[in-house]
Amino acid sequence: MALDFTTFDVFTTIPFQGNPLAIVQVPTRINLSQDQKQFIAREFNLSETVFLHEQTADDVRNRIARVDIFTPLAEVPFAGHPTIGASNFLLHHLCLGSAKRLGTKAGLITFKEKGDGAEIAVAHDVHIHRNPFAGTPYVHHPVVSIVNGMTFILAQLPNLETLAQQTSNLVGAENTYAAKSSLDESWRQGIVASYFFVDLGTASSARRLRTRGIGSREDPGTGSAASALCAFLSLSEGAEGPVTKRYEIAQGVEMGRPNEIRVQVTLSQDRKAVEEILLSGRAVKVLEGRVPIPRAGVRVRPA
């Protein structure tokens with residue numbers, strides 16, 4: 001037995017650029033275990049793989065498309081490029097009018113068309129951690145979770161030359177899933193990755209940023225990290241300018257896979273909290289085929 005899959009390059013309209021994503025369609029008659037989904041994600045070996053479940057009658061009634069998001073190593077509650085990719089797939093390829101929200105482990109995410117791409121209302125519970133890496137060389141960088149389980153060290157660099165020199169996660173690639181033990185209590189879940197950025201100034205009312213995202217490996221385009229960074233910048237500079245700020249992020253340039261990521265952050269009227277984060281981008285289909293279902297009962301990591 002096999003499942004249909006489609007791959008997209010996300011945050012681009014050019015094949016073989018952007019961030020690759022696999023979308024696996026799961027019929028209602030098939031119940032995949034966590035291990036089976038992990039085996040498939042590990043086989044694709046992309047930053048993330050999305051499992052898109054066929055809608056039930058309740059899903060249709062509630063306008064929801066349910067998705068599970070897996071890296072090659074673990075499930076994650078939310079990630080930006082998988083939700084943008086899935087939204088583009090639903091809107092422009094399946095043309096599925098019965099869904100207006102993605103059901104993720106981080107909550108419901110509203111999506112809609114934006115030109116020939118998609119825009120999502122990012123699931124967010126922005127938390128700025130209290131000095132979790134004291135005593136390290138990177139102690140001075142802010143550490144921000146966009147949701148519980150997706151945490152980023154936001155490392156501002158002086159220029160593009162310094163950005164090009166970055167090669168690894170500040171906590172160490174091997175600690176991407178272990179460094180969570182240093183985070184604030186009740187926030188010790190998921191991954192800790194490094195998001196390096198250079199501020200290129202403002203043009204056409206949008207702040208321009210060049211970034212690189214590195215966890216267990218480098219990610220060409222990271223919508224969740226981009227959302228965390230833009231939320232942090234808006235909060236830290238909240239007393240200045242409008243409550244709604246726009247950002248244009250270029251990521252993946254050093255990898256030869258440029259991504260165009262757009263984020264809009266709206267603060268509350270007192271400017272002390274994030275009211276809304278909108279993430280948008282396009283995607284282009286690259287491959288489609290069928291992937292066999294792994295044998296039931298086999299564990300990814302033997303007990």
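1. The protein exposes about 13,300 Å², of which carbon and sulfur atoms supply 50%; accessible areas come from the Shrake-Rupley method with a 1.4 Å probe, and for residues only the protein chains shown count as cover. Buried residues, meaning those under 20% relative accessible area, make up 54% of the 303 residues.

2. This is a predicted model, in which local features need pLDDT of at least 70 and side-chain atom pairs count only at pLDDT 80 or more, while totals for chains, interfaces and linings use all residues. Residues are numbered from 1 along each chain as its sequence is written, and side-chain values use heavy atoms, with hydrogens and water left out.

3. The secondary structure comes to five helices and 18 strands, taken as DSSP runs (helices H or I, at least four residues; strands E, at least two) numbered from the N terminus. Among contacts (heavy atoms within 4.5 Å) between residues at least 6 apart in sequence, 64% join residues at least 24 apart. The C-alpha atoms fill a box of roughly 55 × 45 × 35 Å along the principal axes.

4. Four aromatic pairs are counted, where rings of Phe, Tyr and Trp (its six-membered ring) pair if their centres lie within 6.5 Å, with planes under 30 degrees apart counting as stacked, over 60 as edge-to-face and the rest as tilted. The ring centres of F5 and F44 lie 5.1 Å apart with planes at 70°, so this pair is edge-to-face. It links distant parts of the chain, F5 in strand β1 (residues 2–10) and F44 in helix α1 (residues 34–44), 39 residues apart. F5 counts as buried, at 13% relative accessibility.

Conventions: Buried means under 20% relative accessible area, exposed over 50%, partly exposed in between (1.4 Å probe, protein chains only).
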